[in-house]
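Visitor: I would like to learn how to read a protein structure. Could you take me through it feature by feature?

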Amino acid sequence: PSGENLTVKTIAGILRGLGHEVNYKSLNSDIYMSSPLAAASQSLNILATSKVQEEHFREWVLSNDIVQIHNNFPILTFKNLSFLKQTEKPIVRVVHNYRKSCLKGNHFRAGQSCHKCNFERGLPGVIKGCYNDSILKSAFVNNFRRKINQIESDLSTNYIAISTTVKNYLLDLGVDDNKITVINNSVSSQNRITQNASEVFFAGRLEEEKG
């Protein structure tokens with residue numbers, strides 16, 4: 001599973017350890033990385049969700065006190081989010097990337113940092129076909145991103161950032177500091193880390209976009 005999916009399980013484990021009941025409602029996003037057909041099918045669902053899926057989602061929302069949202073693209077639909085807004089349930093939005101202001105989600109293109117797009121503007125990314133090297137797909141994602149941003153501005157009551165860098169990113173977008181909590185991505189360790197530890201092991205994805 002991806003690091004993002006591991007983070008979902010980690011946070012769920014923390015909540016359960018504190019005595020909370022955690023109920024999942026998810027599709028494994030890893031399948032969209034390996035199957036273009038599955039990705040296209042799910043993207044179409046953003047515009048035309050099945051009534052069965054809608055009913056199941058509504059039942060799940062109404063049965064919980066707080067709703068925590070991780071990556072919303074391409075999993076959630078506009079209808080899903082509109083329903084969430086109507087219920088006025090407390091929302092916690094976990095932010096894993098920079099897709100609120102970048103079609104690729106990383107502000108990195110052609111081997112260097114790129115900030116031609118922002119929270120309100122995504123046309124440069126559409127012209128360059130930043131999402132999956134496709135102008136058509138980029139135009140669709142940009143439209144989805146803008147509408148989701150509008151909904152989340154009203155919907156999200158609190159945010160979880162996966163790093164201090166992501167927290168600063170949200171602050172730059174205008175999110176209140178007291179609405180953001182940082183829970184870093186992590187993996188479990190067999191060894192206890194003491195205060196006098198002198199060595200640290202760092203593991204990361206060896207990708208150009210990661211620096």
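Guide: Begin with the lining of the largest cavity, which by class has seven nonpolar, four polar and four charged residues. Keep in mind that this is a predicted model.

Visitor: Which residues lie nearest the centre of the largest cavity?

Guide: C102, C114, C117, G125 and C130 do, out of 15 lining residues. Two elements, β3 (108-109) and α6 (123-127), each supply at least two residues of that lining.

Visitor: Several of those are cysteines. How many disulfides does a search of the whole structure find?

Guide: A disulfide is a covalent bond between the sulfur atoms of two cysteines. The search finds zero disulfides.

Visitor: Is C102 buried or exposed? And C114?

Guide: C102 counts as buried, at 10% relative accessibility. C114 is buried too, with a relative accessible area of 18%.

Visitor: Let us turn to open spaces. What is the volume of the second largest pocket, and which residues line the pocket?

Guide: The second largest pocket has a volume of about 200 Å³. Its lining includes K100, F119, E152 and Y159. Helix α7 (residues 135-155) gives the largest share of this lining, three residues. By class, the lining divides into four nonpolar, four polar and four charged residues.

Visitor: Charged residues bring me to salt bridges. How many does the whole structure have?

Guide: The search finds four. One of them joins E152 to R93, with the closest N and O atoms 2.4 Å apart. This pair links distant parts of the chain, since E152 is in helix α7 and R93 is in strand β2 (residues 91-95), 59 residues apart.

Visitor: Are E152 and R93 buried or exposed?

Guide: E152 is buried, with a relative accessible area of 2%. R93 counts as buried at 7%. R93, K100 and E152 are linked in a network of salt bridges.

Visitor: What does D154 form a salt bridge with?

Guide: The partner of D154 is K85, and their closest N and O atoms are 3.1 Å apart. D154 lies in helix α7 and K85 in helix α5 (residues 78-87), so the pair ties together parts that are 69 residues apart in sequence. D154 is exposed, with a relative accessible area of 53%, whereas K85 counts as partly exposed at 41%.

Visitor: My last topic is aromatic rings. How is a pair described, and how many pairs are there here?

Guide: A pair of aromatic rings is described by the distance of the centres and the angle of the planes. The count here comes to two aromatic pairs. One of them, F57 with W60, is tilted, at 6.0 Å centre to centre and 40 degrees between the planes.

Visitor: Where do F57 and W60 lie?

Guide: Both are in helix α4 (residues 51-62), three residues apart, about one turn of the helix. F57 and W60 are both buried.

Definitions and conventions
Residues are numbered from 1 along each chain as its sequence is written. This is a predicted model: local features need pLDDT of at least 70, side-chain atom pairs count only at pLDDT 80 or more; totals for chains, interfaces and linings use all residues. Side-chain values use heavy atoms; hydrogens and water are left out. A disulfide is a pair of cysteine sulfur atoms within 2.5 Å. Buried means under 20% relative accessible area, exposed over 50%, partly exposed in between (1.4 Å probe, protein chains only). Rings of Phe, Tyr and Trp (its six-membered ring) pair if their centres lie within 6.5 Å; planes under 30 degrees apart count as stacked, over 60 as edge-to-face and the rest as tilted. Helices (H or I, at least four residues) and strands (E, at least two) are DSSP runs, numbered from the N terminus. On a 1 Å grid over the protein atoms alone, a cavity is a set of points where a 1.4 Å probe fits but cannot get out, and a pocket is an open set with protein on both sides within 12 Å along at least five of seven lines; lining residues have an atom within 4 Å of a point. Grid points are joined across faces, edges and corners, and a volume is the space filled by probe spheres set on the points. Ala, Val, Leu, Ile, Met, Phe, Trp, Tyr, Cys and Pro count as nonpolar, Asp, Glu, Lys and Arg as charged, and the others, Gly among them, as polar. A salt bridge is a side-chain nitrogen of Lys or Arg within 4 Å of a carboxyl oxygen of Asp or Glu.
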